[in-house]
Amino acid sequence: AGARAACRFSPALRIFPAPRAGVMFPPARQLSKAFAAVARRRCVGSSAGAVAPTAAGDGVVRYDWTREEVKAIYTSPLLELVFRAASVHRLNFNPREVQQSTLLSIKTGGCPEDCGYCSQSQHHKTSVKPTRMEAVETVLEKAREAKAAGSTRFCMGAAWRGAGNKKSFEHVLTMVREISAMGMETCTTLGMINGEQALRLKEAGLTAYNHNLDTSPEHYKKIVNTRTYADRLETLANVREAGISVCSGGILGIAETEEDRIGLLVSLASLPEHPESVPINALVPIEGTPLGDRMIRDGKGVHWHDMVRAIATAKIVMPKSSIRLSAGRKEFSQEAQAFMFLAGANSIFTGDKLLTTANPEFSDDAEMFKVLGLKGKAPFTGNTAQFRPAWAPTPEAEESMEATAPEAAPVASDIPAQGFGAFPQVAGQPRPR
């Protein structure tokens, strides 16, 4: 009976369910480990080929996932997959917290890469026209607006093959430095960068660098010809070596197969360290791009349940990574998005535009948060706590600054780095390990 209770009521299978007030289980403490072990065997080895909602070892970080293991997770019955992912999610995160991020295109169009899904490639004839680099003050004002609307991470994207020797890279460093001084996390996606450029971004206070793997190694060469999968991996290695948080994920809807989706997740989960952030995108088809035209012609978009499967599997195989519900979110109902949050998504991009495509308005997301009982995640908490620049103000320091109305932003010598505070306890859930 105890084993059945543990299997049914303790999703993480870490502890024996607590007895009701006034009821004693003799001797509960001594037997709890044995009951949990039996429960694991019962759940994992259930009859008729049933897939366990949780499995022994769930929540433990691994880097040796096999394709067969990931495929078994990905193809499991949807509701059981979501339950399992939700259980893992609660081991490391507050399930009500969802980070709100804003992504701004600071240099649009004219990219020399030929990515088959991208409207900013100069190889494709789309409605997107090349623009000059945004002025620093314009970007800073957008960051202030995003922060006022609730965003705690500000991401900047430039349609470059790589930073190279561009003078504009110096402007990016200024943007990062100034926005981090606002107390916001910062992220950039500038194409390929070398070790020296990564170090300079780190010195400027960059929290995260985004460089998606997009898809499986086998499918990648079918959608991009101007760089290789190895190029992608090298940039991620440079970012990690510099001490910057890694943001890397993929795109659904780029003519990939189920095996390609599984291959992407295996590639991400096999990195030397899991990305702190894993964006899962649904392709927004843009007329004039090869893959966009194909999707429009075939009339086949990405289904909500495909997103749920990818998010849930990513959460199970990378349990301490934040899973970001990214491009294409506008195409999914609030109910579908709720399913994605339950499966482990804990970050969204807010604001009416995501680079060159439409995105839900701030007000729409505020209403959704209210309906679902979600709340925003504070900057530099959880798995980004260690990436706070020394000069970035803490929430407490910001309140003090507002009260005293300082004339200048704090510098490194003024504000010491602050660590992550206590994890907010959720009733009935274990604290993170």
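Good morning. I begin with Glu137, which is partly exposed, with a relative accessible area of 47%. Please bear in mind that the model on display is a predicted one. The partner of Glu137 is Arg144, and their side chains form a salt bridge with an N to O distance of 3.0 Å. Arg144 is partly exposed as well, at a relative accessible area of 35%.

That pair belongs to a set of 21 salt bridges in the structure. Let me turn to another member, between the side chains of Arg153 and Glu185, again at 3.0 Å from N to O. Here the pair links distant parts of the chain, since Arg153 sits in strand β2 (residues 153–158) and Glu185 in strand β3 (residues 185–189), 32 residues apart. Arg153 counts as buried because its relative accessibility is 1%, and Glu185 counts as buried at 0%.

Next comes Asp214, whose salt bridge with Arg232 has its closest N and O atoms 3.0 Å apart. Asp214 lies in the loop between β4 (208–210) and α8 (217–223), while Arg232 belongs to helix α9 (residues 229–242), so the pair ties together parts 18 residues apart in sequence. Both of these residues are buried. Elsewhere, salt bridges with shared partners join Arg67, Lys71, Glu218 and Glu259 into one network.

After α13 comes Gly344, with a positive phi near 125°. Thank you.

Definitions and conventions: Residues are numbered from 1 along each chain as its sequence is written. This is a predicted model: local features need pLDDT of at least 70, side-chain atom pairs count only at pLDDT 80 or more; totals for chains, interfaces and linings use all residues. Side-chain values use heavy atoms; hydrogens and water are left out. Helices (H or I, at least four residues) and strands (E, at least two) are DSSP runs, numbered from the N terminus. A salt bridge is a side-chain nitrogen of Lys or Arg within 4 Å of a carboxyl oxygen of Asp or Glu. Buried means under 20% relative accessible area, exposed over 50%, partly exposed in between (1.4 Å probe, protein chains only).
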